[in-house]
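Subject: Structure for you to look at

Hello,

My notes on what was found follow below it.

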Amino acid sequence: MPDRLKKIVKNIGITAGILGVVSIFCLLLQSVSESDNHVPLLFVFAVFCISRFTDGYLYGILASVVAVFCVNGVFTYPYYEINFTITGYPLTFLVMFAVAFGVSALTTQIKNQEQIRLEAEKEKMRGNLLRAISHDIRTPLTSIAGSASGILENYHELSEEKVMELLNGIREEAQWLIRIVENLLSITRIGDGSARIDKQEELAEEIVSEAVGKFKKRFPDIQVDAVLPEEPLLVPMDGILIEQVLVNLLENSVLHGNTTARIRILVTDEEEQVKFSVEDDGEGIKASVLPKMFEGRMEAENPAGSDAKRNMGIGLSVCMTIVKAHKGSMKAENREEGGARVMFWLPKGMESENGN
(Lines give C-alpha, C1' and ligand atoms only; values in the text may rest on other atoms or scores of the structure.)
Protein backbone atom coordinates (compact mmCIF):
# COMPACT_ATOMS: atom_id res chain seq x y z
CA MET A 1 0.00 0.00 0.00
CA PRO A 2 1.46 3.41 -0.99
CA ASP A 3 2.48 5.70 1.87
CA ARG A 4 -0.07 8.35 0.86
CA LEU A 5 -2.94 5.84 0.95
CA LYS A 6 -1.71 4.50 4.30
CA LYS A 7 -1.76 8.04 5.69
CA ILE A 8 -5.33 8.60 4.43
CA VAL A 9 -6.54 5.31 5.91
CA LYS A 10 -4.80 6.15 9.19
CA ASN A 11 -6.43 9.60 9.37
CA ILE A 12 -9.88 8.19 8.55
CA GLY A 13 -9.40 5.52 11.23
CA ILE A 14 -8.44 8.12 13.84
CA THR A 15 -11.42 10.31 12.93
CA ALA A 16 -13.94 7.46 12.98
CA GLY A 17 -12.45 5.97 16.14
CA ILE A 18 -12.57 9.18 18.19
CA LEU A 19 -16.09 10.07 17.04
CA GLY A 20 -17.19 6.51 17.75
CA VAL A 21 -15.77 6.51 21.28
CA VAL A 22 -17.41 9.86 22.10
CA SER A 23 -20.73 8.68 20.64
CA ILE A 24 -20.69 5.51 22.74
CA PHE A 25 -19.80 7.54 25.83
CA CYS A 26 -22.71 9.93 25.18
CA LEU A 27 -25.11 7.01 24.74
CA LEU A 28 -23.99 5.60 28.08
CA LEU A 29 -24.46 8.99 29.76
CA GLN A 30 -28.00 9.24 28.33
CA SER A 31 -29.01 6.29 30.49
CA VAL A 32 -27.66 7.76 33.73
CA SER A 33 -28.05 11.53 33.26
CA GLU A 34 -31.13 13.64 32.60
CA SER A 35 -29.07 16.56 31.25
CA ASP A 36 -27.51 16.70 27.81
CA ASN A 37 -25.47 19.88 28.34
CA HIS A 38 -22.25 17.87 28.34
CA VAL A 39 -22.77 16.53 24.80
CA PRO A 40 -21.63 19.59 22.77
CA LEU A 41 -18.50 19.95 24.93
CA LEU A 42 -17.60 16.30 24.46
CA PHE A 43 -17.89 16.57 20.70
CA VAL A 44 -15.85 19.78 20.62
CA PHE A 45 -13.19 17.90 22.55
CA ALA A 46 -13.43 15.06 20.01
CA VAL A 47 -12.87 17.52 17.16
CA PHE A 48 -9.88 18.94 19.01
CA CYS A 49 -8.35 15.46 19.35
CA ILE A 50 -9.03 14.64 15.70
CA SER A 51 -7.42 17.90 14.57
CA ARG A 52 -4.42 17.19 16.78
CA PHE A 53 -3.73 13.64 15.61
CA THR A 54 -4.60 13.88 11.90
CA ASP A 55 -2.91 15.76 9.04
CA GLY A 56 -4.29 18.96 7.56
CA TYR A 57 -7.60 20.78 7.97
CA LEU A 58 -9.91 18.32 6.18
CA TYR A 59 -10.48 15.75 8.91
CA GLY A 60 -11.03 18.32 11.64
CA ILE A 61 -13.54 20.22 9.49
CA LEU A 62 -15.41 17.03 8.51
CA ALA A 63 -15.48 16.02 12.16
CA SER A 64 -16.92 19.43 13.02
CA VAL A 65 -19.80 18.93 10.58
CA VAL A 66 -20.44 15.38 11.78
CA ALA A 67 -20.31 16.53 15.41
CA VAL A 68 -22.88 19.29 14.85
CA PHE A 69 -25.36 16.89 13.25
CA CYS A 70 -24.70 14.11 15.77
CA VAL A 71 -25.35 16.45 18.67
CA ASN A 72 -28.48 17.94 17.14
CA GLY A 73 -29.92 14.78 15.59
CA VAL A 74 -28.97 12.09 18.10
CA PHE A 75 -27.75 13.14 21.51
CA THR A 76 -29.81 16.25 22.44
CA TYR A 77 -33.52 17.05 22.52
CA PRO A 78 -35.41 16.33 20.34
CA TYR A 79 -33.56 12.99 20.21
CA TYR A 80 -33.00 11.26 16.86
CA GLU A 81 -34.43 14.20 14.97
CA ILE A 82 -32.61 17.11 13.34
CA ASN A 83 -34.30 20.36 14.36
CA PHE A 84 -32.49 23.71 14.38
CA THR A 85 -35.69 25.74 14.96
CA ILE A 86 -35.88 25.26 18.74
CA THR A 87 -35.11 28.43 20.68
CA GLY A 88 -31.38 28.80 21.21
CA TYR A 89 -30.34 25.92 18.95
CA PRO A 90 -29.22 27.93 15.90
CA LEU A 91 -26.91 30.14 17.92
CA THR A 92 -25.66 27.23 20.08
CA PHE A 93 -24.65 25.13 17.12
CA LEU A 94 -23.24 28.01 15.10
CA VAL A 95 -20.98 28.79 18.04
CA MET A 96 -20.07 25.11 18.41
CA PHE A 97 -19.22 24.84 14.73
CA ALA A 98 -17.13 28.02 14.87
CA VAL A 99 -15.23 26.78 17.93
CA ALA A 100 -14.65 23.37 16.34
CA PHE A 101 -13.49 24.96 13.08
CA GLY A 102 -11.18 27.33 14.95
CA VAL A 103 -9.66 24.51 17.00
CA SER A 104 -9.03 22.50 13.84
CA ALA A 105 -7.33 25.45 12.16
CA LEU A 106 -5.28 26.31 15.24
CA THR A 107 -3.97 22.80 15.88
CA THR A 108 -3.09 22.40 12.21
CA GLN A 109 -1.22 25.71 12.27
CA ILE A 110 0.71 24.64 15.37
CA LYS A 111 1.75 21.40 13.67
CA ASN A 112 2.84 23.33 10.57
CA GLN A 113 4.92 25.67 12.72
CA GLU A 114 6.53 22.70 14.44
CA GLN A 115 7.38 21.22 11.05
CA ILE A 116 8.94 24.52 9.98
CA ARG A 117 10.99 24.57 13.19
CA LEU A 118 12.23 21.04 12.57
CA GLU A 119 13.16 21.90 9.00
CA ALA A 120 15.09 24.95 10.24
CA GLU A 121 17.00 22.74 12.69
CA LYS A 122 17.85 20.31 9.88
CA GLU A 123 19.09 23.17 7.71
CA LYS A 124 21.23 24.43 10.59
CA MET A 125 22.75 21.00 11.12
CA ARG A 126 23.32 20.60 7.38
CA GLY A 127 25.08 23.96 7.26
CA ASN A 128 27.27 23.07 10.23
CA LEU A 129 28.17 19.78 8.60
CA LEU A 130 29.06 21.40 5.30
CA ARG A 131 31.29 23.98 6.99
CA ALA A 132 32.98 21.30 9.05
CA ILE A 133 33.48 19.01 6.05
CA SER A 134 34.94 21.84 3.94
CA HIS A 135 37.54 22.45 6.64
CA ASP A 136 38.24 18.78 7.27
CA ILE A 137 38.70 17.85 3.62
CA ARG A 138 40.95 20.82 2.87
CA THR A 139 43.46 19.94 5.60
CA PRO A 140 44.28 16.32 4.57
CA LEU A 141 44.23 17.18 0.86
CA THR A 142 46.78 19.94 1.43
CA SER A 143 48.95 17.54 3.41
CA ILE A 144 48.69 14.81 0.76
CA ALA A 145 49.53 17.23 -2.05
CA GLY A 146 52.48 18.67 -0.11
CA SER A 147 53.93 15.26 0.77
CA ALA A 148 53.50 13.92 -2.77
CA SER A 149 55.14 17.05 -4.25
CA GLY A 150 58.03 16.74 -1.78
CA ILE A 151 58.68 13.15 -2.83
CA LEU A 152 58.43 13.86 -6.58
CA GLU A 153 60.60 17.00 -6.53
CA ASN A 154 63.24 15.76 -4.09
CA TYR A 155 63.19 12.00 -4.56
CA HIS A 156 66.95 11.59 -5.06
CA GLU A 157 67.85 13.90 -2.17
CA LEU A 158 65.50 12.27 0.37
CA SER A 159 66.55 9.35 2.52
CA GLU A 160 64.53 6.15 2.39
CA GLU A 161 63.42 6.81 5.96
CA LYS A 162 62.12 10.26 5.04
CA VAL A 163 60.28 8.92 1.99
CA MET A 164 58.60 6.27 4.14
CA GLU A 165 57.62 8.93 6.65
CA LEU A 166 55.99 11.05 3.95
CA LEU A 167 54.24 8.02 2.41
CA ASN A 168 52.95 7.00 5.84
CA GLY A 169 51.55 10.52 6.28
CA ILE A 170 49.81 10.28 2.90
CA ARG A 171 48.27 6.96 3.91
CA GLU A 172 46.97 8.33 7.23
CA GLU A 173 45.46 11.39 5.55
CA ALA A 174 43.84 9.18 2.90
CA GLN A 175 42.33 6.98 5.63
CA TRP A 176 40.88 10.08 7.26
CA LEU A 177 39.36 11.14 3.93
CA ILE A 178 37.78 7.70 3.61
CA ARG A 179 36.13 8.18 7.00
CA ILE A 180 34.82 11.59 5.91
CA VAL A 181 33.36 10.07 2.74
CA GLU A 182 31.73 7.26 4.76
CA ASN A 183 30.11 9.86 7.01
CA LEU A 184 28.86 11.77 3.98
CA LEU A 185 27.41 8.59 2.50
CA SER A 186 25.60 7.91 5.78
CA ILE A 187 24.05 11.38 5.75
CA THR A 188 23.04 10.82 2.11
CA ARG A 189 21.36 7.53 3.01
CA ILE A 190 19.35 9.20 5.75
CA GLY A 191 18.63 12.21 3.54
CA ASP A 192 16.58 15.08 4.94
CA GLY A 193 15.15 13.05 7.79
CA SER A 194 12.18 11.69 5.84
CA ALA A 195 13.95 8.59 4.53
CA ARG A 196 12.91 5.21 5.85
CA ILE A 197 15.54 3.46 7.93
CA ASP A 198 15.70 -0.21 6.95
CA LYS A 199 15.72 -1.89 10.35
CA GLN A 200 16.58 -5.53 10.80
CA GLU A 201 17.08 -7.41 14.04
CA GLU A 202 20.85 -7.53 14.52
CA LEU A 203 22.92 -9.20 17.22
CA ALA A 204 24.44 -6.45 19.35
CA GLU A 205 27.53 -8.61 19.87
CA GLU A 206 28.18 -8.84 16.11
CA ILE A 207 27.78 -5.10 15.53
CA VAL A 208 30.17 -4.28 18.38
CA SER A 209 32.66 -6.87 17.14
CA GLU A 210 32.63 -5.46 13.60
CA ALA A 211 33.10 -1.90 14.87
CA VAL A 212 36.00 -2.88 17.14
CA GLY A 213 37.63 -4.80 14.28
CA LYS A 214 37.58 -1.73 12.01
CA PHE A 215 38.85 0.48 14.81
CA LYS A 216 41.74 -1.87 15.67
CA LYS A 217 43.02 -1.76 12.10
CA ARG A 218 43.79 1.93 12.57
CA PHE A 219 44.61 1.94 16.29
CA PRO A 220 46.07 -1.51 17.10
CA ASP A 221 47.73 -0.30 20.32
CA ILE A 222 44.52 0.86 22.01
CA GLN A 223 42.92 -1.70 24.32
CA VAL A 224 39.19 -2.14 23.73
CA ASP A 225 37.00 -4.13 26.13
CA ALA A 226 33.41 -5.07 25.34
CA VAL A 227 30.88 -5.75 28.11
CA LEU A 228 27.78 -7.44 26.69
CA PRO A 229 24.69 -9.13 28.19
CA GLU A 230 25.09 -12.84 28.89
CA GLU A 231 22.14 -13.70 26.67
CA PRO A 232 22.22 -12.88 22.92
CA LEU A 233 20.57 -9.48 22.40
CA LEU A 234 18.73 -8.72 19.17
CA VAL A 235 18.26 -5.00 18.44
CA PRO A 236 16.23 -3.55 15.53
CA MET A 237 18.62 -1.30 13.58
CA ASP A 238 20.37 -0.53 10.34
CA GLY A 239 23.50 -2.49 11.21
CA ILE A 240 25.87 -0.61 8.89
CA LEU A 241 24.85 2.79 10.25
CA ILE A 242 25.03 1.80 13.92
CA GLU A 243 28.39 0.15 13.31
CA GLN A 244 29.60 3.46 11.92
CA VAL A 245 28.31 5.29 15.01
CA LEU A 246 30.42 3.01 17.20
CA VAL A 247 33.50 3.43 14.99
CA ASN A 248 33.13 7.22 15.10
CA LEU A 249 32.83 7.19 18.89
CA LEU A 250 35.85 4.91 19.27
CA GLU A 251 38.00 7.08 17.00
CA ASN A 252 36.93 10.29 18.73
CA SER A 253 37.89 8.76 22.07
CA VAL A 254 41.47 8.36 20.80
CA LEU A 255 41.89 11.45 18.64
CA HIS A 256 40.44 13.86 21.17
CA GLY A 257 40.97 12.09 24.48
CA ASN A 258 44.69 12.83 23.94
CA THR A 259 45.86 10.36 26.60
CA THR A 260 43.40 7.55 25.87
CA ALA A 261 44.92 4.08 26.27
CA ARG A 262 41.83 2.01 27.04
CA ILE A 263 38.24 2.08 25.82
CA ARG A 264 35.27 0.11 27.07
CA ILE A 265 32.03 -0.56 25.18
CA LEU A 266 29.03 -1.52 27.30
CA VAL A 267 25.72 -2.79 25.95
CA THR A 268 22.83 -2.84 28.43
CA ASP A 269 19.32 -4.22 28.00
CA GLU A 270 16.91 -1.65 29.49
CA GLU A 271 13.54 -3.35 28.85
CA GLU A 272 12.07 -1.19 26.06
CA GLN A 273 15.40 0.10 24.75
CA VAL A 274 19.06 -0.87 24.49
CA LYS A 275 21.85 1.35 25.77
CA PHE A 276 25.26 1.53 24.07
CA SER A 277 28.03 3.26 26.01
CA VAL A 278 31.59 4.08 24.91
CA GLU A 279 33.89 5.00 27.82
CA ASP A 280 37.55 6.04 27.69
CA ASP A 281 40.31 6.89 30.17
CA GLY A 282 41.45 10.05 28.38
CA GLU A 283 41.37 13.67 29.46
CA GLY A 284 37.59 13.98 29.30
CA ILE A 285 35.48 16.73 27.77
CA LYS A 286 35.58 20.38 28.78
CA ALA A 287 32.36 21.57 30.40
CA SER A 288 32.08 24.37 27.82
CA VAL A 289 32.18 21.82 25.01
CA LEU A 290 29.54 19.37 26.25
CA PRO A 291 26.47 21.42 25.18
CA LYS A 292 27.66 21.69 21.55
CA MET A 293 29.27 18.29 21.05
CA PHE A 294 26.74 17.06 18.52
CA GLU A 295 26.33 20.26 16.47
CA GLY A 296 29.09 19.57 13.94
CA ARG A 297 31.22 22.59 14.84
CA MET A 298 33.31 21.58 17.85
CA GLU A 299 37.01 22.09 17.42
CA ALA A 300 39.58 19.76 18.91
CA GLU A 301 41.09 20.92 22.18
CA ASN A 302 44.67 19.81 21.55
CA PRO A 303 46.40 22.04 18.99
CA ALA A 304 49.22 19.60 18.35
CA GLY A 305 49.22 17.18 15.45
CA SER A 306 47.34 17.03 12.17
CA ASP A 307 44.39 15.16 13.65
CA ALA A 308 43.83 17.96 16.12
CA LYS A 309 43.30 20.42 13.30
CA ARG A 310 40.23 18.53 12.27
CA ASN A 311 36.78 19.20 13.52
CA MET A 312 35.80 16.54 16.05
CA GLY A 313 32.14 17.54 15.88
CA ILE A 314 31.49 16.20 12.39
CA GLY A 315 31.68 12.54 13.39
CA LEU A 316 29.55 13.18 16.47
CA SER A 317 26.91 15.12 14.54
CA VAL A 318 26.72 12.24 12.06
CA CYS A 319 26.27 9.87 15.03
CA MET A 320 23.46 12.01 16.41
CA THR A 321 21.74 12.13 13.01
CA ILE A 322 21.90 8.34 12.66
CA VAL A 323 20.64 7.71 16.20
CA LYS A 324 17.77 10.19 15.79
CA ALA A 325 16.82 8.49 12.52
CA HIS A 326 16.45 5.31 14.56
CA LYS A 327 14.14 7.19 17.01
CA GLY A 328 16.86 6.97 19.63
CA SER A 329 18.64 9.48 21.86
CA MET A 330 22.26 10.37 22.64
CA LYS A 331 24.16 11.93 25.53
CA ALA A 332 27.76 12.66 26.55
CA GLU A 333 29.29 13.22 29.98
CA ASN A 334 32.55 13.05 31.91
CA ARG A 335 33.27 10.08 34.15
CA GLU A 336 33.96 10.67 37.83
CA GLU A 337 37.01 8.42 37.63
CA GLY A 338 38.34 10.32 34.59
CA GLY A 339 37.74 10.20 30.87
CA ALA A 340 34.56 10.62 28.86
CA ARG A 341 31.43 8.59 28.28
CA VAL A 342 29.17 8.84 25.23
CA MET A 343 25.89 6.93 25.34
CA PHE A 344 23.07 6.30 22.92
CA TRP A 345 19.80 4.42 23.23
CA LEU A 346 17.94 2.49 20.54
CA PRO A 347 14.29 1.41 20.94
CA LYS A 348 13.51 -2.28 20.70
CA GLY A 349 10.37 -1.72 18.62
CA MET A 350 10.45 -2.42 14.90
CA GLU A 351 8.64 0.80 13.92
CA SER A 352 10.01 2.37 10.77
CA GLU A 353 11.53 5.82 10.73
CA ASN A 354 8.32 7.46 9.63
CA GLY A 355 6.39 5.69 12.30
CA ASN A 356 4.25 3.52 9.98
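This is a predicted model: local features need pLDDT of at least 70, side-chain atom pairs count only at pLDDT 80 or more; totals for chains, interfaces and linings use all residues.

V318 lies in helix 8 (residues 313-325); helices (H or I, at least four residues) and strands (E, at least two) are DSSP runs, numbered from the N terminus. V318 counts as buried because its relative accessibility is 2%, where buried means under 20% relative accessible area, exposed over 50% and partly exposed in between (1.4 Å probe, protein chains only).

Residues are numbered from 1 along each chain as its sequence is written, and side-chain values use heavy atoms, with hydrogens and water left out.

The protein chain has eight helices and seven strands. Of its 356 residues, 41% count as buried. Contact means heavy atoms within 4.5 Å; among contacts between residues at least 6 apart in sequence, 69% join residues at least 24 apart.

Next, the inside. A nonpolar core is a set of buried Ala, Val, Leu, Ile, Met, Phe, Trp, Tyr and Cys residues joined through side-chain atoms within 4.5 Å. The largest one has 45 residues, and L249, F276, M330 and F344 have the most contacts inside it. Helix 7 (residues 239-255) gives the most to this core, with nine residues. A second, separate core has 14 residues, including V22, C26, V39 and F75.

What does M330 touch, leaving aside its neighbours within four places in sequence? Its contacts include V245, L249, F294 and F344.

F75 is also among the buried residues of helix 3, as are Y59, A63 and A67. Helix 3 (residues 58-75) has 18 residues and reaches 24 Å from its first C-alpha to its last, close to the 26 Å expected at 1.5 Å a residue; the expected span is 1.5 Å times one less than the number of residues.

V9, in helix 1 (residues 3-30), counts as partly exposed because its relative accessibility is 46%. An α-helix has 3.6 residues a turn, so residues three or four places apart point the same way. L5, I8, V9 and I12 form a nonpolar patch on the surface.

Regards

Key
Patches are made of residues with over 30% relative accessible area and no salt bridge: like charges are joined within 9 Å, nonpolar side chains (Val, Leu, Ile, Met, Phe, Trp, Tyr) within 5 Å. Accessible areas come from the Shrake-Rupley method with a 1.4 Å probe; for residues, only the protein chains shown count as cover. A salt bridge is a side-chain nitrogen of Lys or Arg within 4 Å of a carboxyl oxygen of Asp or Glu.
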